[in-house]
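I am opening a notebook page on one protein model. I will look up a few residues, then a core and a pocket.

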Amino acid sequence: MTAPKVGAALGERLGRAHLLEAPLPPDGVRFIGDGSGVVEEVRYDAEGASVWINREQRFSPVTLEEWQWGLGFRPLEHFPDDRRGRQLDVEQIEMFGRAAFAVRQSIQLAEPLDAALALILEKPLDFG
């Protein structure tokens with residue numbers, strides 16, 4: 001496959017993930033614990049690779065790299081923090097899983113996308 005086609009395929013995967021349209025893998029983030037589903041306190045537990053929303057419930061696994069991903073905006077921290085004091089419904093729980101998958105895809109695809117772009121930029125564009 002040529003570099004532009006590889007780049008396009010990788011870009012499509014990343015785009016679908018960021019649009020929250022990609023199918024979720026079976027080993028993705030899970031919502032664990034019994035409780036109210038109300039976001040009371042948001043904290044990250046690196047040892048348990050978990051994002052806790054209250055004393056009983058958490059999203060896991062979320063790696064430290066995924067938790068810290070983002071420059072000025074860290075989506076996996078922002079998502080539960082923005083819902084503080086509210087009860088998460090099934091749709092919001094799934095959305096966090098999709099956001100975590102998008103972050104994971106961003107991390108995994110960064111290097112291959114950069115490599116494909118470098119190959120594309122080595123050759124001048126031919127519009128003729």
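A note on the source. I am working with a predicted model, where local features need pLDDT of at least 70 and side-chain atom pairs count only at pLDDT 80 or more, while totals for chains, interfaces and linings use all residues. Residues are numbered from 1 along each chain as its sequence is written, and side-chain values use heavy atoms, with hydrogens and water left out.

**Entry: Ser50**
I placed Ser50 in strand β3, residues 50-52. Strands here are DSSP runs of E with at least two residues, helices are runs of H or I with at least four, and both are numbered from the N terminus. Ser50 counts as buried because its relative accessibility is 2%. Buried means under 20% relative accessible area, exposed over 50%, and partly exposed in between, with a 1.4 Å probe and protein chains only. The side chain of Ser50 also makes a polar contact with the side chain of Arg58, at 3.3 Å. A polar contact is a pair of N or O atoms within 3.5 Å; within protein, one must be able to donate a hydrogen and the other to accept it, and residues adjacent in sequence count only if both atoms are side-chain atoms. I then listed what Ser50 touches, not counting residues up to four places away in sequence: Arg43, Tyr44, Asp45, Arg58, Phe59, Ser60 and Val62. Contact means heavy atoms within 4.5 Å.

**Entry: Ser106**
I found Ser106 in helix α4, residues 90-122. Is Ser106 buried or exposed? Ser106 counts as buried, because its relative accessibility is 10%. Its side chain reaches the backbone oxygen of Ala102 at 2.9 Å. Leaving out residues up to four places away in sequence, Ser106 touches Leu14, His18 and Trp69.

**Entry: the core**
I turned to the largest nonpolar core, which has 17 residues. A nonpolar core is a set of buried Ala, Val, Leu, Ile, Met, Phe, Trp, Tyr and Cys residues joined through side-chain atoms within 4.5 Å. Val51, Phe59, Val62, Trp67, Leu76 and Phe96 touch the most other members. Two or more residues come from each of α3 (75-82) and α4. The most come from α4, with four residues. I checked Trp67 too: beyond its neighbours within four places in sequence, its contacts include Val42, Tyr44, Arg74 and Glu77.

**Entry: the pocket**
Which residues line the largest pocket? I wrote down His18, Leu20, Trp69, Phe73, Pro75, His78, Phe79, Arg83, Met95, Ala99, Ala102 and Val103. By class, nine are nonpolar, two polar and one charged. Again α4 gives the most to this lining, with four residues.

Lys5 is in helix α1, residues 3-18. Lys5 counts as exposed because its relative accessibility is 55%. Val39 lies in the loop between β1 (30-32) and β2 (43-45). Val39 counts as buried because its relative accessibility is 0%. Beyond four places in sequence, its contacts include Ile53, Pro80 and Leu88.

Notes. 1 Å grid on protein atoms, 1.4 Å probe; cavity = no way out; pocket = protein on both sides within 12 Å on 5 of 7 lines; lining within 4 Å. Nonpolar A, V, L, I, M, F, W, Y, C, P; charged D, E, K, R; others polar.
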